[in-house]
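Please walk me through this structure step by step, as someone who has not seen it before.

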Amino acid sequence: MASVDPNFRISGPLCPPLTPFTPDGELNLSAMPPYVSYLDTHFDGAFILGTMGEGLSLTVAERKQIAEHWVQTIQHTSRLKTVIVHVGTGNLKDTVELAGHAGKVGATAIACMAPNFYKPPNEEVLVKYMKQVAAAAPNTPFYYYDINFMTGVYLNTSKFLELAASEIPTLRGAKISSRELPAVTDCTVAAGGRFQVLIGTDEQLLSALSMGVDVPVCNSFLGGLFSRLKAAFDANDMDTARKEHLLARKLVLERSSYGGGPALVKGIMRCLGFDLGSVRLPLVNLTADQEKQLRQDLINIGFMDQ
């Protein structure tokens, strides 16, 4: 029988940490300590093994190793106290295995995106799928991860929450990285507003706050920016909040010009002094010339002064 606090809520902000690799694409956990120390000054928790963590490019064994590492790591940090483990894969059996493992090793919560080759055709099937995933960790809060522009699964998340409310006892909300803000609004009131919504789109931080969504999952380099933005928002200093919001938007536009994704974010982190290595194929690292231009672009938009 599931045993999860009905009032459980994640506090934020959260970071989707990058997974460090050696130049030949193997895990390199020795690169983690300075990175974790940096994150610990800006974030309350980590959402691991999602898009930025290259979770779908890792084996089940590697993902278990990373999950165990993060659960152990947060026990020795001052601010990072939450670890949400993303367990989604391309098949139900591996996903269930990862969910069960995350629950056993002490993850704060688990999250799961929809499978994206054989896709669930409707919200009812999505509920059936996620019900089995959540049941593998019956004492761990569960969040649905909607990132439709990556998965190609454009189902109605608010309808999923409505249908799942009575089917998945550990369901506590959704992380929404889709770009349709009305969908976020719908999810905040689904099932009488009982579910927590986490926002996962960097340039929607201010918009999310205005809708009462105050737990972002934002990139490693945005922790300080979000703290300033939220402080200004809470103080009703909207001019300052909008200024920070516009900087976040500029950063997203810069990322887009380089293709975005983990390779670009690893490049930004190198500009900040944190070398987390390569990305794993089929992702491709930035060239030396691209990284040189990236550094200059970050200077030009004022980010390196923050």
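Glu54 is buried, with a relative accessible area of 3%, where buried means under 20% relative accessible area, exposed over 50% and partly exposed in between, computed with a 1.4 Å probe on protein chains only. The place of Glu54 is the loop between E2 and H2, and its phi is near 55°, a positive value in a residue other than glycine. Leu49 lies in the loop between E2 and helix H2 (60–73) as well; its phi, near 65°, is likewise positive in a residue other than glycine, and with a relative accessible area of 2% Leu49 is buried.

The model is a predicted one, in which local features need pLDDT of at least 70 and side-chain atom pairs count only at pLDDT 80 or more, while totals for chains, interfaces and linings use all residues. Residues are numbered from 1 along each chain as its sequence is written, and side-chain values use heavy atoms, with hydrogens and water left out.

The secondary structure of the chain comes to twelve helices and seven strands, which are DSSP runs numbered from the N terminus, helices (H or I) having at least four residues and strands (E) at least two. The radius of gyration of the chain is 18 Å, close to the 19 Å that the globule rule gives for 306 residues, so the chain is as compact as a globular protein of that length; this radius is taken over C-alpha atoms, and the rule is 2.2 Å times the number of residues to the power 0.38. Buried residues make up 56% of the 306 residues.

The seven strands form an open sheet in the order E1-E2-E3-E4-E5-E6-E7, with parallel pairing, and two strands are said to pair if DSSP finds at least two bridges between them. E1 and strand E7 (196–199) stand at the edges, each with a single partner strand, so one side of each is left without a neighbour in the sheet. Strand E1 (residues 14–15) pairs with E2 in the parallel sense over two bridges, and here Cys15 stands opposite Ala46 in E2. On to strand E3 (residues 82–86), four bridges join E2 in a parallel run, with Val85 in E3 as the bridge partner of Ile48.

In a regular strand the side chains alternate between the two faces of the sheet.

Leaving aside its neighbours within four places in sequence, Asp44 is in contact (heavy atoms within 4.5 Å) with residues including Gly12, Pro13, Leu14 and Thr82. Of these, Gly12 and Pro13 are joined by a cis peptide bond with omega of about 5°, and Pro13 lies in the segment before E1. Another cis peptide bond, with omega of about 20°, joins Leu281 and Pro282, and Pro282 is placed in the loop between helix H11 (261–271) and helix H12 (288–300).

Pro6 also lies in the segment before E1, but at 61% relative accessibility it counts as exposed. Pro6 and Arg172 are 166 residues apart in sequence and 7.9 Å apart in space, C-alpha to C-alpha.
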